[in-house]
Each structure stands twice: as C-alpha cells, then as structure tokens.
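Good morning, and thank you for coming. Please take a moment to look at the sequence and the structure, which I shall now put on the screen.

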Amino acid sequence: MCDCIFCKIIAGDIPSMKVYEDDKTLAFMDVAKDVDGHILVIPKKHFKNIFDCEADTLNSVMQTVQTVSQHLIMNCEYDGVNLLNASDESAGQSVPHFHIHIIPRKGNDRINAWPDFEGANNDINSVYESLKI
C-alpha cells in the first residue's frame with residue numbers, strides 16, 4: 001500500500017471534501033485553513049511532481065484546474081485565482097504527489113499569494129544564455 005496521503009484520499013481511505021472529480025483527476029478542499037476556498041487538484045495516478053508526470057496526465061490536471069477555476073469565477077463570486085505548484089523539496093513541496101493549489105481571489109482580499117523576492121543576483125543576459133533550450 002502506498003504511504004502517500006493523496007493516494008489514500010483517492011482510494012477513499014481518508015475522507016475529503018471533493019469539489020470536482022473525473023476519471024483522471026480529483027479536486028478537493030485543502031484542510032490547511034489558510035485561505036477560504038483553497039483547493040488542491042491532483043492526478044489520480046501517483047507522480048511525485050511535474051518532472052515525472054506524463055504529458056497526458058499533466059494535460060488532464062490542467063484541464064481540471066481550468067474547469068474548477070472557471071466555476072469559481074462564474075458561480076462562486078470570485079474575481080480571479082492564483083495557481084501555485086512546488087516541484088521538489090528544494091522548491092517547498094511538502095507532499096510528494098504532484099498537485100496544483102488553486103487560491104480563489106476577490107478584489108482587495110489582502111491575500112499575498114506571491115513570494116516576496118529579494119532580487120536577482122546575476123545579470124539577466126548571462127542567466128538567459130545559460131537557460132536557453
């Protein structure tokens with residue numbers, strides 16, 4: 001048996017508040033109690049993060065993210081959403097199952113969902129040259 005908490009939610013071993021489900025994905029309320037309406041979208045097949053996620057599964061996850069996000073805007077009186085993902089522990093990933101956070105937003109909600117960066121350390125042209133594919 002997989003020890004992944006999200007796999008246990010998918011299997012029904014741990015209860016969840018399902019917002020949306022299809023054959024490949026599940027969207028459910030995040031229990032962190034940090035922001036009203038915080039939703040997680042996960043693939044039903046286990047992938048640690050975006051690096052090992054198959055392309056068609058990644059597409060299904062993003063389709064679900066769009067479906068849920070549109071529902072929040074059209075039916076739940078939200079104005080926008082933030083989408084957040086951390087892939088790998090070095091990026092802050094705390095649950096080793098690929099997931100995307102949907103943070104629903106309203107104008108003037110005073111939520112700071114964007115990191116407060118301290119500034120780049122290197123010349124942008126040098127970084128650009130090293131990153132090109």
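I begin with Arg-105, which lies in strand β5, residues 100-105. Please keep in mind that the model we are viewing is a predicted one.

Is Arg-105 buried or exposed? Its relative accessibility is 18%. Buried means under 20% relative accessible area, and therefore Arg-105 counts as buried.

Which residues surround Arg-105 in the model? If we set aside its neighbours within four places in sequence, Arg-105 is in contact with Tyr-78, Asp-79, Gly-80, Val-81 and Asn-82, and also with Ile-111 and Ala-113.

Let us now turn to the strand as a whole. Ile-100, Ile-102 and Pro-104 point one way from β5, while His-101, Ile-103 and Arg-105 point the other way. Six of the six residues of β5 are buried, so the strand is largely enclosed by the rest of the structure.

Which strands pair with β5? One of them is β3, residues 39-43, which runs antiparallel to β5 and is joined to it by three bridges. Within this pairing, Val-41 has Ile-100 as its bridge partner in β5. Strand β4, residues 80-84, also pairs with β5 in the antiparallel sense, over five bridges. Here Asn-82 stands opposite Ile-103.

Thank you for your attention.

Note on methods:
Residues are numbered from 1 along each chain as its sequence is written. This is a predicted model: local features need pLDDT of at least 70, side-chain atom pairs count only at pLDDT 80 or more; totals for chains, interfaces and linings use all residues. Side-chain values use heavy atoms; hydrogens and water are left out. Helices (H or I, at least four residues) and strands (E, at least two) are DSSP runs, numbered from the N terminus. Buried means under 20% relative accessible area, exposed over 50%, partly exposed in between (1.4 Å probe, protein chains only). Contact means heavy atoms within 4.5 Å. Two strands pair if DSSP finds at least two bridges between them.
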